[in-house]
Amino acid sequence: MKIATIIVRVLLGALLVFASASFFLKLAPEPEVTGNFKAFQVGIIASSYLMPLAKGLELLCGLSYLSGKYVTLANIIILPVTLNILLINLYMTPEGLPIAFFIFFANMFLIYRYWDNYKSLFTA
């Protein structure tokens, strides 16, 4: 199980680092979006801070996963982002569901594997 944890951690970390680096360095063109997701994306971009914040968190947590340092903290910080990725893809862009499922369930798997570190948060 330790090897599976390392594999999931590194794959998730690499995916998060790549996604955030692509955003900040403009490595790939923005995909064309339509419908409800286009309106949603326009709103997020209009806020001017939300995308850089989310991508910055993705970068920091991805680097944490790759290095193996502060993984317990990174799991909790990135959880709202991964949940939103899943829900956005579930309701607005279902073609991205496979990657969204991987990101969310990889995060949940890592929380499960590091659960001993969280136990003290739930005890009186």
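Leu66 is partly exposed, with a relative accessible area of 38%, where buried denotes under 20% relative accessible area, exposed over 50%, and partly exposed the range in between, for a 1.4 Å probe and with protein chains only. The model is a predicted one, in which local features need pLDDT of at least 70 and side-chain atom pairs count only at pLDDT 80 or more, whereas totals for chains, interfaces and linings use all residues. Residues are numbered from 1 along each chain as its sequence is written, and side-chain values use heavy atoms, with hydrogens and water left out.

Leu66 is placed in helix H3, and, when residues up to four places away in sequence are not counted, Leu66 touches Arg9, Val10, Gly13, Ala14 and Val17, a contact being defined by heavy atoms within 4.5 Å. The C-alpha atoms of Leu66 and Ala14 are separated by 6.9 Å, although these two residues stand 52 residues apart along the chain.

Regarding the overall fold, the protein contains five helices and zero strands, helices (H or I, at least four residues) and strands (E, at least two) being DSSP runs numbered from the N terminus. From the N terminus on, the order of elements is α-α-α-α-α. The radius of gyration of the protein is 15 Å, close to the 14 Å that the globule rule gives for 124 residues, so the protein is as compact as a globular protein of that length; the radius is taken over C-alpha atoms, and the rule is 2.2 Å times the number of residues to the power 0.38. Along the principal axes, the C-alpha atoms fill a box of roughly 45 × 30 × 25 Å.

Of the 124 residues in the protein, 33% are buried. Among contacts between residues at least 6 apart in sequence, 70% join residues at least 24 apart. The mean positions of the 8 positive and 5 negative charges are 13 Å apart; Lys and Arg count as positive and Asp and Glu as negative, while His and the chain ends are not counted, and the place of a charge is taken as NZ of Lys, CZ of Arg, CG of Asp or CD of Glu.

Helix H1 has 24 residues and reaches 34 Å from its first C-alpha to its last, close to the 34 Å expected at 1.5 Å a residue, the expected span being 1.5 Å times one less than the number of residues in the helix. The buried residues of H1 are Thr5, Val8, Arg9, Leu12, Gly13, Leu16, Val17, Ser20, Ser22 and Phe23, and what covers them includes H3, H4 and H5. Helix H5 (residues 97-113), with 17 residues, reaches 24 Å between its first and last C-alpha atoms, close to the 24 Å expected at 1.5 Å a residue. Within H5, the residues Leu97, Ala100, Ile103, Phe104, Ala106, Asn107, Leu110 and Ile111 are buried, and their cover includes helix H1 (2-25), helix H3 (50-67) and helix H4 (71-91).

Ser22, in helix H1, is buried at a relative accessible area of 13% and, leaving aside neighbours within four places in sequence, is in contact with Leu27 and Ala28. Leu27, by contrast, is found in the loop between H1 and H2 and is exposed, with a relative accessible area of 55%. With neighbours within four places in sequence again set aside, Leu27 is in contact with Ala21 and Ser22, while Leu27 and Lys38, 11 residues apart in sequence, are 21 Å apart in space from C-alpha to C-alpha.

Positive phi values were also found in the model. H1 is followed by Lys26, whose phi is positive, near 55°. Ser48, in the loop between helix H2 (35-46) and H3, has a phi near 65°, a positive value in a residue other than glycine, and is exposed, with a relative accessible area of 59%. Tyr70, in the loop between H3 and H4, has a positive phi of about 60° although it is not a glycine, and at 68% relative accessibility Tyr70 likewise counts as exposed.
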